[in-house]
Each structure stands twice: as C-alpha cells, then as structure tokens.
Amino acid sequence: MAKPPNRLPGEFDLIARYFAPLAAGMPGALGLTDDACTLTPSPGQELVLTVDALVAGIHFLPDDPADLVARKMLRVNLSDLAAKGATPIGYLMVTAFSPDIDEAWVAAFTRGLAADQAEFGLGLMGGDTVATPGPLTLSLTAIGSVPTGRALRRNGAKPGDVVLVSGTIGDGALGLRVLRHEFLDLPADDRRYLSDRYHLPQPRVTLGQALLGTGHVHAMMDVSDGLVADLTHIAEASGVGAILRATDVPLSDPAAAILADQPDLLPLLLTGGDDYELLLTASPDAVADLLGLAAELDVPLTVIGDIVSGRGVDVIDRDGAAVEIGSSGFRHF
C-alpha cells in the first residue's frame, strides 16, 4: 500500500536525511548521532545564547513557504545575537510537526536553513524532532560568542545619550498586512518589498559586531516587539526615560507612501514589531563615528531620540506635541 502523501519518514530517517547534513562541519554536533553536543569557546570568549519559539498562526502565517519560515526562525535569533555584538557559532532546534506537514515541506524547510547557514556562517548542533496534533511549533536556540565581559546589554543607557536605530521601521508590520491582502492599490514592487521584509528580516550581525568594537554603545537590543516597546525595555532596564521623535524615525519609500496616504497608521509603524533592526544609545560625541561606521557597512543608522532622567517613553511630533500610540507593542500575554 502506498504511503499517504502527508506522512513523514520515521524520526531517525528524517533526522539522517534532512537534519544531519545541516550539522556537517560542526565537530561538537557529532553528526546528530548522540543525545547532546559539545562546545568549547575560544580563549577569551564567552557564549551568548538566545532562544525563540515560533507557532503557526501566531508568528507566521500557516501558508507561508517552508523555506521562508525556516530562514525567519534562524534570522530572528541571529538578530538577538547581533544586539549583543556576538559572532554566530551554531544553533539547536526543536521541530514539533503537525499532521499537515509532509516530506516536501521538511525538504524545503531544511533548504532554507542551509541557505542561511551558508550566508551567516553557522551550523546545526542538535535538537529534537517530535509530532504534535497542531499547530506546527518550532523553537531555535542560537549560540554565539563575544569577548569575555563585553556583551552589549539593554541596561546601560544614560541621561544625555542619543537614541539611534538601524535600517527602517514599520516594514514588517506593513508586510504582514500586505500578506493579508491589504494595500491592494500599492504598486506590485512595493507590496513585494514589504512582504519580503516580513518574511526575511535582515539581522544586523556585522553591524552589531562593529558597534561592539567601537566601545561607544551604552545599551543595545533588537527591535522585535515594536520600536516604542523595545525603547521602553531599554529605558526600564536602565532606570531612565526616553523621548522618541516620531518624525525622525526612518521609513522605507513604500512605508512613507502608505503613511502619507493614511497618517493614522503611524502608531502601527512605531509599535507593530517584526523589524529586527538594532536600537542603541550612545553619547552625542560618538554619533559621528557611529554614523560613519554604519555608512561603511552600507547600513543606515539614524538618530531618533534622547535618553532623559525620569521614567517612560514619550513619543512626540516635530512640534514637540505628544503622539498618541495606544499599545506600545506586541505582547504574548
């Protein structure tokens, strides 16, 4: 009797066929033939570990292509490493496959991982593969390294610092709406750009490492929950307040066009999340050096606000009036 098309190979066949090749070149992974991996950091280095879980229907659309789901899962973790100034080493992964997942989906999923492993220079070190009645659930733990005691944190912002952000903000949130069939009047190229920004964030790994090397950055994290929410995280961890100038927040051309037509979407751009840009603070006299460094790496870096004494984040317009934004960003609970 032919195997039903929605069935997967046995667990160990699946690992050997699709996941073990992702571990090639990672000595501590032992070819995924053992229950654990081994890892020895280089002398003078300490490990940075970060984990994210993705659930179908919450963190990605159920019909998103498998290779893009895989690449986004890896990239959102690489973004966390970038925010520490870390160099990626490898990752552990848990896959809980729902009944609708077939072998073709797994093949595309692992092709996506292989593509990004090659781009960002890391490999699979181990994990677990299980079945679930649904929804499809994935978890990835990324491992990186930084010089001992040098990892950047979110708790170092100081009154008088300026706030900077890389890239552009709001594209991820708009891209999700594009994929949900909104903004149908937008040119096709703009719709494609925004959906790509949602599906394939650009972790600023090289920029993060370079920023760490300057010694100028006081606090840094990546923007995942929304610009306002994540600036609030920095402010709370540092025991300070912040002022965010909404008109200085960098936007892509498609986002700017949408905002010009629908100004009421400004809160969405500032709070929507899925940007995976670097948000940092530094003293004003370091700004010129930081902007020059970012320009050399061809990554925009923009001053968008200030760190002040007090508590909370105030969002203001060009005239200094308060901007009402409602919820500051994404929360799971």
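The model is predicted, so local features are given where pLDDT is at least 70 and side-chain atom pairs count only at pLDDT 80 or more, while totals for chains, interfaces and linings use all residues. Residues are numbered from 1 along each chain as its sequence is written, and side-chain values use heavy atoms, with hydrogens and water left out.

The sheet comes first. Helices (H or I, at least four residues) and strands (E, at least two) are DSSP runs, numbered from the N terminus, and two strands pair if DSSP finds at least two bridges between them. Four strands form an open sheet in the order S1-S4-S2-S3, and its pairing is mixed. Strand S1 (45-55) and S3 are the edge strands; each has a single partner strand, so one side of each lacks a neighbour in the sheet. From one strand to the next the twist averages 15°; axes here are lines fitted to C-alpha atoms, for helices over the stretch in contact, and angles run from 0 to 180 degrees between N-to-C directions. Between S1 and S4 there are 11 bridges in the antiparallel sense. Gln 45 has Pro 147 in S4 as its bridge partner.

Helix H3 (residues 103-120) lies across strand S2 (87-97), S3 and S4, and runs at about 170° to S2. The loop between strand S3 (123-131) and strand S4 (137-147) holds Pro 135. The peptide bond that joins Gly 134 to Pro 135 is cis, with omega about 0°.

On a 1 Å grid over the protein atoms alone, a cavity is a set of points where a 1.4 Å probe fits but cannot get out, and a pocket is an open set with protein on both sides within 12 Å along at least five of seven lines; lining residues have an atom within 4 Å of a point. Grid points are joined across faces, edges and corners, and a volume is the space filled by probe spheres set on the points. The second largest pocket holds about 470 Å³ of space. It is lined by 23 residues, and those closest to its centre are Ile 15, Leu 32, Asp 34, Gly 127 and Asp 128. Helix H1 (11-19), S2 and S3 are the elements that give two or more residues to this lining. S3 gives the most, with six residues. By class the lining of the second largest pocket has 13 nonpolar, six polar and four charged residues, where Ala, Val, Leu, Ile, Met, Phe, Trp, Tyr, Cys and Pro count as nonpolar, Asp, Glu, Lys and Arg as charged, and the others, Gly among them, as polar.

There is one cavity of 30 Å³ or more. The largest cavity has about 40 Å³ of space, and its lining consists of Phe 60, Asp 64, Leu 68, Val 69, Lys 72, Tyr 198 and His 199. Helix H2 (66-84) and H5 each supply at least two of the lining residues, and H2 gives the most, with three. Four residues of the lining of the largest cavity are nonpolar, one is polar and two are charged.

Helix H4 is mostly covered, with seven of its nine residues buried; buried means under 20% relative accessible area, exposed over 50%, and partly exposed in between (1.4 Å probe, protein chains only). The buried residues of H4 are Asp 171, Gly 172, Ala 173, Leu 174, Gly 175, Leu 176 and Val 178. They pack against H5, helix H8 (253-261) and helix H9 (266-271), contact being heavy atoms within 4.5 Å.

Just after H4, His 181 takes a positive phi of about 70°, although it is not a glycine. His 181 lies in the loop between helix H4 (171-179) and helix H5 (188-199) and is exposed, at 59% relative accessibility. Asp 298, also not a glycine, has a positive phi of about 60°. The loop between helix H10 (287-296) and strand S9 (301-308) contains Asp 298, which is exposed with a relative accessible area of 68%.

Strand S6 (residues 217-222) has five of its six residues buried, so it is largely enclosed by the rest of the structure. S6 and strand S8 (residues 278-282) run antiparallel and are joined by five bridges. Met 221 has Leu 279 in S8 as its bridge partner.
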